Amino acid sequence: MNELLLILLVIGAVYFSRRVQALERRVRKLEPVAAPAPQPKPEPQAAPAPAPARAPSPAPARRTVAQRPTPAFDWGRTLGAADLLGAKALAFAGGVVTLLGVVFFFVLAVNRGWIGPELRVLCGGLASALVFGGGMWLQRRFGRTYSGLAAVGAGIAGAYATLLAAVSLYELISKPVALVAAGAIASVGVAVSLAWSEEIVAGFGLIGAMVVPATLVFEGGLQQIGTAFVAIVFAAAAVVAVRKRWWKLLQAAALVSVPQAVVQIAQAGSPHAGIVALALAFWLLYVAAGLAFQLRLGTSLASAPASFLTGGAVFGAVATALLYDGAEAGVALLAVAATYVALGAILFVRVRELALLLAALGLAAMAVGVAQLLSGSSVTYAWAAEAALLAWLTGRVRDSRFQLPALAYLGLALGHALAFEASPVNFFTDVPHPAKGAPALAAVALAALVFALVRRSWERVAPKGILRVLEPALAWLDRHERAVDVAAYAVAAATAAYAASLCILELFGFQDGHVVVTCVWAAAGLAAAVRWRLGFAWLAVVVAKAAVFDVLTLTPTRYGISLAVVGGSLLAAGLLTEALVSIALSLPLVLAGALVLVPGHDGLVLVGVGAAYVALAAATFRRPDVATLLWILGLTVAASGEALVLDGVWLVLAYTATAAGLAVVAKTMGDRRLQAASLAYLVVAALITLVAETPPSHLVMPIAHPEDGLASLVLLAAAAGMLAWSLDWSERFRVAATWAAGALGVYGASLALLEAAQRLSPEDVHTNFQRGQTMVSAFWGILALASLYAGLRQRRPLLRGGGFVLFAVSLGKIFLFDLPSLSSAQRALSFLAVGAVLLLGGFFYQRLSAQFDAQQHGRPS
C-alpha cells in the first residue's frame, strides 16, 4: 500500500510538471501572434493613422495574457460544481496530497528502513523547499493561481513536518535550535500570507503545520517539543489572522491547537517547569489573540473575540485543574484571575466593554480560586468581600454593569453560608455549637447592606457589541432600583437576624433560646411594620415559626409564651398601623397562648381576653373601623367565655346586662354600631330564654311552676326596653323594639298569672291551670281595652292599633285554645270576660270617636 502511494505521488508530480511545460509552450506561441494583430490597415494619407497603430502594442497583450489576476480565495463562499471540478479543486488536492506525501514519506522510510535519518530529513526538506519554490515560481511567472498558493502552503507545512521529525523522531538537532528554526519558518509563513493577502497560504502552511504533530502521535506519542511547535505556529497564525481580520483562520488554529495542548498537559505526570511553561504559553497566546482581534475590530465588543477570550479563560481553568490540586489549583486560578482583572483595569478607559468582559472572566476565575484555596467560612468571607467591593466599584466608576457580578458574588456568598457554615439544620435541631456560622452570615449581611447603600444607576450609554445581551437586565435593574434596594436591605436584615438567632441559641440553649428568638423576631417585626409594610411579611414568618415549629417542638409553657407574644405583636402592629387583618389574626394566637398558659380556666381566659379587646375598642373609639373590629372580636370572645362560666338565668343576666350597657354607651357616644352589638346580645339572650328558660310550652301546658325562668324573661324585656330607648335616631326601629319589649312583658305577666293560680288555688295542677287560663284571657282583654282607650284618648294610632291586635289575639285564644281545652265553667268565664271587655271597647271607641268628630266640626260633645 505504501509503495502504491509513493508511485502515485511520482506520477502526479510528473503529470503536473508536463502540464506546466505545455502551458508555457502555448503562451510562447500566442505572444508573436498577438503582437502584429492591431496593424492590418495602415493608411498613410490620414494624419492620425499612426495613433491607432501604436495603441495595440505587444506589451499590453502580454500583460493581459500572463498577468491576469486570480480572485482571492474566499473561505466563506459556497463551493459549486465548477469549484469541485476546476482549478481550485486540483490546487487543494495537490496541496493536501503533497503535504501528506512528505509525512507519509517519513513514516514509510522509518518503517522500511530504506534510508538513514539524516537522508530522510534531507529529502523531506528538499521536497518542502521544491514545493515552496514551485509555488513561488508559479506566482511570479503566471500571477496568482490556486496551485501556486496551495504549493506554497504545502511547502511551509512540509518544512514544519521535516523539522519536527528531525527533532522529535531522530533527535538530529537540539530543541533550542529547532525552536529557532520553527520561528523562522513561521516568519516565512507570516510574511508570505501578509504579502499575498491569501488565506489559503496561511491555511495550508500554518494550520497544516499544526496538524503535523498530531499525525506523528503514533510514532512515539505526542511529544512536548511537538506541542511547542504548535504554539509557535499558532502565534504565527494569530498574527496573520489579526492583521488581515481572518476570523476563520484564528478559529481553525484554535480548534487544531487546543486538543493537542490539553492532551499534552493531561499526559504530564507532574506540574514540572516545562509543561507549566507550555500551558502558560498557550493560555497567554489565546488571551493575546483574542485581545488583538477585538482591538483590531474596534471598541464595540464583538461576539467572535468575546467567545475566543471566554474559551481562553476556560482553557486556563482546565489546564489548572489538570496540573494542580487543592490549594495549588486555587493559587493558579487566582493568578489567572489577577491577569484578567489587571488587563481589564488597563483597558477600562480605552475599551470599556472589553475591559468589563475581562473583569467578569477574572472575577469568575477568582470565585473558583478562592473556593479552592480557602475552606469553610473563608470562602464566604472572600465572596462577600468581593460583592461589597464590586458594589462600591459600581458607584466609583459610575458603571452600573458592575452590579451584575456583585449580585452574583452576593448570591454565591449567601448560598455558601446557608449550605455549609450556617445551615438551617443548625437552627431547627439541637446541635452543640449553633453559632459557629454566625460570623459568615454577618459578612453576607454587611455585603448586602453595602450593595443597598451604593448608588448604581446613572444616565448611561447603552452597551454595544455582544454586551447588548446585558441591556435588558441592566434596564430592569435601573427601573426597579428602589425595589432592588429594598430587597438588598431585606437580605441584610434577614441574614443579620439569622446570625443573631444562632447566637441566642448558643447563649440560652435550644428550648429557651427558641422562645427568646421568637420574642426578638416578633419585636423586630413590630418595629419594622410600624414604618414599612414589609414588616408584616416578617411577622408572617414569625407566625409560621411559632405555629409550626414552636408548637411541635417546645414544651407547652414555652410555646404558649411564643404564641402569646406573637399574637400581641400582631395586635400592636395592627393598632399602630390600622391593619385590620393583623388585628383579626392576633386573636387566635393570643387566645391559644393564654389557654395554654392558664390551663383549666378556659371560660375565665376567654372572658379576660374579650374584656381586653373591648377595652382596646373603647380606647380607640375615634378610629371607627379599628374600634368596630375590636368590639366584635372582644364581645364574641367574651360571650363565649361567659357561656362556659355561667348558665341559666345568670347567663341571661350577663348577656342582657351587656346588651343594656352597650345600649347606654351607644346612646352616650352616638355610635350605632354598638346598638348592633347590643341587638346581637339580645338575640342570643332571647334564644336562651325562650328555648331553655321560659319556652312557650309553659303557657299552654299544665305545669306546677310555670314561672320558672321568669326572671330571665323580665331581664330580657328590660334590656329590650333599654335598646328601644337608645334607638332615638329611628322611630321605626324604636317602635319595633318597644313592641318586642311589650310582647315579652305580656308573656311574662301571663306566666306570672298562671303561677299565681297554681299557688293561690288549693286544687290540682290541671284545675289551677284552667283557672289561670281564664285569668290570662281576661288580662289580655283588659290590656287590649286599655291600649285602645289610651290610643283613642291620646290620639295615638299605634296604641289604638295595638289594642285592636290584642283584641284579635284574645278572640283567637278563646276560640282556638279556651273553647277546646278548658272546662265548661272556665270556658264560660273566659268568654264572658272577653265579651265584656269587647263591649266596653266598643262603647269607648264610639264615645271617644264622637267627641273627636265634634271637636273637629266645632260642635259641643
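**Briefing: helices, a nonpolar patch and cysteines**

Valine 691 lies in helix α29 (residues 672-693); helices here are DSSP runs of H or I with at least four residues, numbered from the N terminus. This is a predicted model, in which local features need pLDDT of at least 70, side-chain atom pairs count only at pLDDT 80 or more, and totals for chains, interfaces and linings use all residues. Residues are numbered from 1 along each chain as its sequence is written, and side-chain values use heavy atoms, with hydrogens and water left out.

**Surface**
- Valine 691 is exposed, at 62% relative accessible area (buried is under 20%, exposed over 50%, partly exposed in between; 1.4 Å probe, protein chains only).
- Leu679, Val683, Leu687, Leu690 and Val691 make a nonpolar surface patch of about 440 Å² (patch residues have over 30% relative accessible area and no salt bridge, and nonpolar side chains are joined within 5 Å).

**Helix α34**
- Helix α34 covers residues 797-821; its 25 residues should span 36 Å at 1.5 Å a residue, and the 35 Å between its end C-alpha atoms agrees (the expected span is 1.5 Å times one less than the number of residues).
- A kink of about 35 degrees in α34 is centred on isoleucine 814 (the bend is the angle between axes fitted to the seven residues ending there and the seven starting there).
- Buried residues of α34 include Gly802, Leu806, Lys813, Ile814 and Asp818.

**Serine 378**
- Serine 378 lies in helix α16 (residues 377-397) and is partly exposed, at 30%.

**Cysteines**
- The disulfide count is 0 (a disulfide is a pair of cysteine sulfur atoms within 2.5 Å).
- Cysteine 503 is partly exposed at 34%, as is cysteine 519 at 25%.

Notes: Helix = DSSP H or I, 4+ residues; strand = E, 2+ residues; numbered from the N terminus. Patch = residues over 30% accessible without salt bridge, like charges linked within 9 Å, V, L, I, M, F, W, Y side chains within 5 Å. Areas by Shrake-Rupley, 256 points an atom, 1.4 Å probe, with all protein chains shown as cover. Salt bridge = Lys/Arg side-chain N within 4 Å of Asp/Glu carboxyl O.
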